[in-house]
Amino acid sequence: MRSKLEKFGLLGAGVFVGILVSINISAWADRTSVSQLPIDELRVFAEVFAKVKSDYVEPVEDKKLINEALSGMLQGLDPHSTFMDADAYKELQAGTQGEFGGLGIEVAMEDGLVKVVTPIEDSPAYKAGLKSGDLIMKLDDAQVRGMTLNDAVKRMRGVPDTKITLTVIRKGEDKPLTFTLTRAIIKSQSVKNKWIEQGYGYVRITQFQERTGEDLARALKNLRAENKGPLKGLILDLRNNPGGLLDAAVGVSAAFLPKDDLVVYTEGRVADSKMRLNATPMDYARRGKSDYLKDLPEEFKSVPIVVLINAGSASASEIVAGALQDHKRATIMGIQSFGKGSVQTILPMNNGSAIKLTTARYFTPNGRSIQAKGIVPDVTVDDGSDPSLSLHEADLKRHLSNPTDGKAPDSKAVDEAKSRAAAEKLKEEKHAETRGPIEPASQDDFQFVQAMNLLKGLPVQKAPEPAKVSATKP
């Protein structure tokens with residue numbers, strides 16, 4: 001019986017290799033300059049596949065084995081490349097359109113656990129108090145270690161109004177924390193605006209989605225109408241914004257930049273990954289959209305702007321901040337951003353699945369790479385939290401390197417070194433922990449208050465006063 005299984009396994013391996021070799025890959029070969037397939041490695045892969053099929057303690061479906069192999073292939077590249085089965089691909093599409101079911105957290109895989117990159121504002125995760133850098137070790141009674149990222153995401157998403165308990169490891173806590181969250185339909189309103197007082201407006205972008213550009217244009221027009229005239233200053237809040245669609249980021253930048261100014265460029269191995277995107281309708285009004293910025297009042301090209309960023313500002317947020325900073329169009333305030341300067345391209349497969357593949361790096365108009373560096377604020381203003389708890393791209397395993405590493409430091413690199421030194425100093429102080437999320441643009445929002453001070457020409461405080469600890473007798 002054993003010999004029959006082995007013969008069957010070898011036959012299966014031969015057939016599998018034959019199928020792989022017979023696949024039409026001419027286009028792929030042209031794009032990557034690969035002259036031939038690694039036949040020996042594919043033969044080993046097929047042998048392992050056959051052995052698992054014949055000898056594993058329980059029967060395993062071919063589809064599961066292949067999907068797991070594809071997931072491992074993509075996960076081994078970097079923290080942001082991933083394989084998505086048909087269901088996961090549909091969920092991704094729903095997320096970019098602004099509505100999906102689940103908990104509302106941006107996540108990555110780290111040391112076999114799910115790491116929280118940032119909670120999405122107004123989501124169940126945000127309201128429960130999950131924080132950037134938290135490590136999720138259990139989902140209900142299921143251990144996360146051993147799951148793929150897709151498996152963990154599937155468990156966290158589900159029917160609205162159902163509950164799930166997350167067991168979380170948090171730096172600085174002696175024991176794991178538990179959070180019981182109620183799943184909800186995440187209707188992410190990507191743009192929120194608020195008239196602060198006569199002459200001053202506030203716009204917050206929580207994610208870059210399909211309609212973010214149109215929603216921003218509408219918000220700016222509303223602010224002008226409420227103000228009954230031109231604004232004296234504007235705060236653009238990109239804190240805890242994990243990113244999103246590239247053309248939406250270009251559109252947001254174009255709202256404040258002169259026409260045709262360079263917003264971002266990308267560099268990759270294939271021709272399609274080399275792009276230069278400018279403040280022009282051709283680059284932001286894609287997918288058949290009309291130019292949603294054509295009626296925007298011209299004053300928004302010159303109104304003083306403060307852009308707020310923090311460690312949760314990533315990807316598209318950093319593109320906007322970097323473009324406005326390089327063109328000296330805005331003052332960037334807050335703390336150093338996340339540092340995700342890589343481009344992920346969604347490539348649909350024939351069976352309804354897809355891969356999210358890192359294909360290029362982003363560069364700001366002045367040629368700065370965001371990757372594993374982030375955007376260093378022009379004015380560093382701390383929010384009172386412990387900086388050692390912040391999560392950055394450089395903290396993730398297998399992150400892409402920054403292509404400018406090793407070059408002579410420029411002024412931005414010096415500023416970055418100063419920022420790190422300041423962060424180390426802050427670690428020595430006692431900081432007050434925030435009790436739940438702080439309402440953005442409120443008087444409790446320290447960074448917002450300092451942004452208003454900057455716009456009004458008032459002194460800017462770099463950090464909140466350390467919490468006073470009352471002395472107690474033993």
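**Entry 1: terms and provenance.** I take helices (H or I, at least four residues) and strands (E, at least two) as DSSP runs, numbered from the N terminus. The model is predicted, so I note that local features need pLDDT of at least 70 and side-chain atom pairs count only at pLDDT 80 or more, while totals for chains, interfaces and linings use all residues. Residues are numbered from 1 along each chain as its sequence is written, and side-chain values use heavy atoms, with hydrogens and water left out.

**Entry 2: the whole chain.** I looked up the totals and found 13 helices and 19 strands in the protein chain. Of its 474 residues, 48% count as buried, where buried means under 20% relative accessible area, exposed over 50%, and partly exposed in between (1.4 Å probe, protein chains only). The chain exposes about 24,300 Å², of which carbon and sulfur atoms supply 53%; accessible areas come from the Shrake-Rupley method with a 1.4 Å probe, and for residues only the protein chains shown count as cover. Taking contact as heavy atoms within 4.5 Å, I noted that 70% of the contacts between residues at least 6 apart in sequence join residues at least 24 apart.

Entry 3: Strands S3 (residues 105-110) and S4 run antiparallel and are joined by six bridges; I count two strands as paired if DSSP finds at least two bridges between them. In this pairing Val107 stands opposite Val116 in S4. S3 and S4 form a hairpin with two residues between them, and Asp111 in the turn has a positive phi of about 55 degrees. Strand S4 (residues 113-119) is mostly covered, since seven of its seven residues are buried. S4 is also joined to strand S5 (residues 135-139), antiparallel, by two bridges, and there the bridge partner of Lys115 is Leu135 in S5.

Entry 4: The buried residues I listed in H3 are Leu42, Ala46, Phe49, Ala50 and Ser54. They cover an arc of only 125 degrees around the axis, which puts them on the same side of H3, the arc being that of the directions from the helix axis to the C-beta atoms. Asp40 and Glu41, on the other side of H3, are exposed.

Helix H4 (residues 62-75) has 14 residues and reaches 20 Å from its first C-alpha to its last, close to the 20 Å expected. Its buried residues are Leu65, Asn67, Ser71 and Leu74, and these pack against helix H3 (39-55), strand S1 (82-84) and strand S18 (354-363).

Entry 5: I traced an open sheet of six strands in the order S10-S11-S12-S15-S16-S19, with mixed pairing. Its edge strands are S10 (191-197) and S19 (379-380), each of which pairs on one side only. Strand S16 (residues 331-334) pairs with S19 in the parallel sense over two bridges, with Gly334 standing opposite Thr380 in S19.

Helix H11 (residues 316-326) lies across strands S12 (233-237), S15 (305-309) and S16, and runs at about 145 degrees to S15; axes are lines fitted to C-alpha atoms, for helices over the stretch in contact, and angles run from 0 to 180 degrees between N-to-C directions. Eleven of the eleven residues of H11 are buried, so H11 is largely enclosed by the rest of the structure; among them I noted Glu318, Gln325 and Asp326.

Entry 6: Most residues other than glycine have a negative phi. I therefore looked up Lys328, which is exposed, with a relative accessible area of 75%. Lys328 is placed in the loop between H11 and S16, and its phi is near 55 degrees, a positive value. Ala372, in the loop between S18 and S19, likewise has a positive phi, near 60 degrees.

Conventions:
Expected span 1.5 Å × (residues − 1).
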